Amino acid sequence: MTRKLNSDQLGNKGESRFPELCTDADLIPNKSSWDRKGWDYVVDWKFNGSSPLDSRPTPLSCLVQLKTVWTGAKSVKLRLSSLEHLAKDLKPTFLFVLEVDDALDFVGARLAHLEGELLAHVLEALRKASFEGKAPNKIDLHLQLERWFEAIPATGMAARAAFEQAIGQDMGAYAITKQRQLKELGFSKDRLTMTTSFEVEDEDAVFDAFLGLRTISNVSVKMQETRFGLALPLPGTGAIEDGELEITPQPFDRCEVSGRDTGDGREFRFQGDVYGLPAPMLAAGRFRFLVRTPMFRLHIGGTVGDRTSMKISLNLETERIAKLKVSAAEWARLHGFLVALGRNRLELTVRIGKSKPPIVSTVTTQIDPETVGQWAAGERITAAADRALAAAGWPATKLSLQGLVQASKELNVLDALINRPESLSPMNFIMAPKPGGPTIAWGRPEETLYFNLIDLGNHLLAYVATIDLVPEPDGARIRWTGSNYRFRDVARIKATEAAYKRFIADTQRRTGIQGYFAKGTVEEDEADEA
């Protein structure tokens, strides 16, 4: 069918009519002089209201893309690059269509508000263009008139009423709403995804990584954002190549690990956390989880079904142990547990949560006797420290294992002094008489205080015993022969000289005994062991 006007003439006819419609409705049409932003007109409203000039609200304003079509047209065609400018502008934006009949009369109009569903349609087309690597100025979007446009009379007042109903009364509130739509449309709860790729020697390496036991190298990572069902690299993030993957898992429950020495019946209890693997990682019938206490970890895995099997491996947390400070009783409990393990006398029970049945198993190991002997020595040292600190009234004192080992000799002496004084050799020494000193009562026992110190880092253990010293002449010097020690007191004091002197003075006052030997004093330095 031959039309009276070609497409350019039809467009000029609409562009001549639209300003008249605005003028009819007391609106101000500002025509674009250089059409590069997608809009043909900025339509402004005049200030109104009786408020003071400085308080008048921002007048309404909108962008309009104008199209003129023959009656019966089904759609309009717009360049995607033009629609992008319109869609991204925070001002209200409209597509305004004038319909012309064969008599060249304007018989109707259609209006589409670029927000909500239509805005999402444009954003989706832009997303697809990025996904396919196409330029938006090479893509045309065909918008169906019946679907996207509202039919209105081709009058200025009808256009103004439609504009105002869509915009509302507050330009600021409109901009906030549109900004939110631009940020949120097309996204779902699965907006961000991270794809990680790596190669390892076997599945055990993957399991260990997910349990936080190892780091995986040669890892590539891509972050993607999905919008309108299309995933693209997340803006602002680059792909990681040849990286490292370190996972910090979260425990799914608490547990108690109990070890019973089947030889002497002692029990050793520890509290820990339980870590599991994501269910899809394990084949049907398989289980695998990690129990972690501050001092050791248990790796438990196996199968259930026709042939149930289970394997438990134990590893000491050596790095943690080196930094850990706990009571001597806790150190003794660890070493007793290890001794029972090394001697193949350990029955292990793991209770996870409150409702699950416990895991009970005997543990068989092949640990060299030298290592077991070191653990046994550690148990003796830590148990002696526990008894000494309990006697001092400070059983909960937190100590490092290294500090206990360094003080092991002194702790053993103190433990013997408290519990087995007869096992200690009496004190015997020779010293020169002091010029002008008191007269010596030869052969007569003299009750004397003996003080000593054990360095435990931030604190000292000070202890005192009494002995009977008998003087006998040995040429120009005096030979002193002591009785067995008699334990009197032990206290935890600050690691200062003043605190030590107070302990000595308080003991002299309580006992009424003035004579003493003390570690590091002049008297000790001048005495020679016999």
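Predicted model: local features only at pLDDT ≥ 70, side-chain atom pairs only at ≥ 80, totals over all residues.
A search of the whole structure finds 1 cavity of 30 Å³ or more. The largest cavity has a volume of about 40 Å³. Its lining consists of Phe-18, Leu-21, Cys-22, Leu-27, Phe-96, Gly-156, Ala-159, Arg-160 and Phe-163. Two helices, H1 (7–24) and H5 (156–167), each supply at least two residues of this lining, and H5 gives the most, with 4 residues. By class, the lining comprises 7 nonpolar, 1 polar and 1 charged residues. Some of the lining residues, including Phe-18, Phe-96 and Phe-163, also belong to an aromatic cluster, which Phe-18, Phe-96 and Phe-163 form together with Tyr-41, Trp-45 and Phe-94.

A search of the whole structure finds 14 of them. In one, the ring centres of Phe-296 and Phe-337 are 5.0 Å apart and the planes lie at 10 degrees, so the pair counts as stacked. This pair links distant parts of the chain, with Phe-296 in strand S16 (residues 296–303) and Phe-337 in helix H9 (residues 328–342), 41 residues apart. Both Phe-296 and Phe-337 are buried.

Phe-451 and Phe-503 form an edge-to-face pair, with 5.9 Å from centre to centre and 80 degrees between the planes. Because Phe-451 lies in strand S23 and Phe-503 in helix H13, the pair ties together parts that are 52 residues apart in sequence. Phe-451 is buried, with a relative accessible area of 0%, and Phe-503 also counts as buried, at 7% relative accessibility.

Helix H13 (residues 497–511) has 15 residues and reaches 21 Å from its first C-alpha to its last, close to the 21 Å expected at 1.5 Å a residue. Its buried residues are Ala-499, Tyr-500, Phe-503, Ile-504, Thr-507 and Gln-508. What covers these buried residues includes strands S23 (446–455), S24 (459–474), S26 (486–494) and S27 (516–518). After H13 comes Gly-512, whose phi is positive, near 75 degrees.

A last stop is Ser-81, which lies in helix H2 (residues 80–88). With a relative accessible area of 19%, Ser-81 is buried, because the cut-off for this class is under 20%. Leaving aside neighbours within four places in sequence, Ser-81 is in contact with Pro-136 and Asn-137.

Notes. Residues numbered from 1 in each chain as written. Heavy atoms only, no water. Buried < 20%, exposed > 50% of the residue type's maximum accessible area, 1.4 Å probe, protein only. Contact = heavy atoms within 4.5 Å. Expected span 1.5 Å × (residues − 1). 1 Å grid on protein atoms, 1.4 Å probe; cavity = no way out; pocket = protein on both sides within 12 Å on 5 of 7 lines; lining within 4 Å. Points joined across faces, edges and corners; volume = space filled by probe spheres on them. Nonpolar A, V, L, I, M, F, W, Y, C, P; charged D, E, K, R; others polar. Phe/Tyr/Trp six-rings, centres within 6.5 Å; stacked < 30°, edge-to-face > 60°.
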